[in-house]
Amino acid sequence: MSELVAESWRRYLRQLKLHPLRTKAITSGVLAGCSDAVAQKISGIKKLQLRRLLLIMLYGFAYAGPFGHFLHKLMDHIFKGKKGNSTIAKKVLLEQLTASPWNNIFFMIYYGLVVEGRPWFLVRNKVKNDYPTIQLTAWRFWPIVSWINYQYMPLQFRVLFHSFVASCWSV
């Protein structure tokens, strides 16, 4: 079994090196789908809502993975060659003031319009009512994740780490 895991990891690393954007997109999609499947089962449903699962996977594949890929490349470009705790703090702060609010609003709109199929005025009202609480809650948790990500994860693993934590968070 350990040989199978080791070989799978080697293949994953090869794909990550050869096709980083595609690999991160697929990984984010799969992890988003897994978290939704677990969340659906925990909620007590008897049969998985396949449409919802596929639309959550699409979100991970088409948005979350690529967004993370380019965000972390941009952060490394902005702070090129700079290391240390003050640089990590600046990266975390920049991410939390820009990407975090945008990602939360975007997900709320996507989920309401696409996944739930609600009309725009209902989605807009939900965002207006729930967004402040959601963002404040995110700011209690995600800066720690971002700090760990920038401190310990090499660039090529940051999307994987973030997607894994997001999967646990979503459940």
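Helices are taken here as DSSP runs of at least four residues, numbered from the N terminus. In this predicted model, H69 lies in helix 3. H69 has a relative accessible area of 6% and is therefore classed as buried, the limit being under 20%. Leaving aside residues up to four places away in sequence, H69 touches P20, L21, K24 and V159.

R158 forms a salt bridge with D76, with 2.9 Å between the closest N and O atoms. This pair joins distant parts of the chain, as R158 belongs to helix 7 (residues 158–170) and D76 to helix 3 (residues 50–78), 82 residues apart. The two partners fall in separate accessibility classes: R158 is buried, with a relative accessible area of 6%, whereas D76, at 24%, counts as partly exposed.

In total, the structure holds 7 salt bridges. One of them pairs E7 with R10, the closest N and O atoms being 3.0 Å apart. Both E7 and R10 lie in helix 1 (residues 2–18), where a spacing of 3 residues corresponds to about one turn of the helix. E7 is partly exposed at 32% relative accessibility, and R10 is likewise partly exposed, with a relative accessible area of 45%. Together with R11, E7 and R10 are linked in a network of salt bridges. A further salt bridge connects R118 and E116, whose closest N and O atoms are 2.9 Å apart. R118 counts as partly exposed at 39% relative accessibility, and E116 is partly exposed at 38%. Side chains of opposite charge can pair when their charged atoms come close.

The largest pocket has a volume of about 1,200 Å³ and is lined by 44 residues, with Y59, N104, F107, W169 and S170 nearest its centre. Two or more lining residues come from each of helix 2 (20–42), helix 3, helix 4 (85–97), helix 5 (99–115), helix 6 (120–152) and helix 7. Helix 3 provides the largest share of this lining, 11 residues. By class, the lining of the largest pocket comprises 21 nonpolar, 17 polar and 6 charged residues.

The second largest pocket has a volume of about 210 Å³. Its lining consists of D76, F79, G81, K82, K83, G84, T87, I88, K91, Y150, Q151 and R158. The elements giving two or more residues to this lining are helix 4 and helix 6, and the largest share, 3 residues, comes from helix 4. The lining of the second largest pocket divides into 3 nonpolar, 4 polar and 5 charged residues.

How values were computed: Residues numbered from 1 in each chain as written. Predicted model: local features only at pLDDT ≥ 70, side-chain atom pairs only at ≥ 80, totals over all residues. Heavy atoms only, no water. Salt bridge = Lys/Arg side-chain N within 4 Å of Asp/Glu carboxyl O. Buried < 20%, exposed > 50% of the residue type's maximum accessible area, 1.4 Å probe, protein only. Contact = heavy atoms within 4.5 Å. 1 Å grid on protein atoms, 1.4 Å probe; cavity = no way out; pocket = protein on both sides within 12 Å on 5 of 7 lines; lining within 4 Å. Points joined across faces, edges and corners; volume = space filled by probe spheres on them. Nonpolar A, V, L, I, M, F, W, Y, C, P; charged D, E, K, R; others polar.
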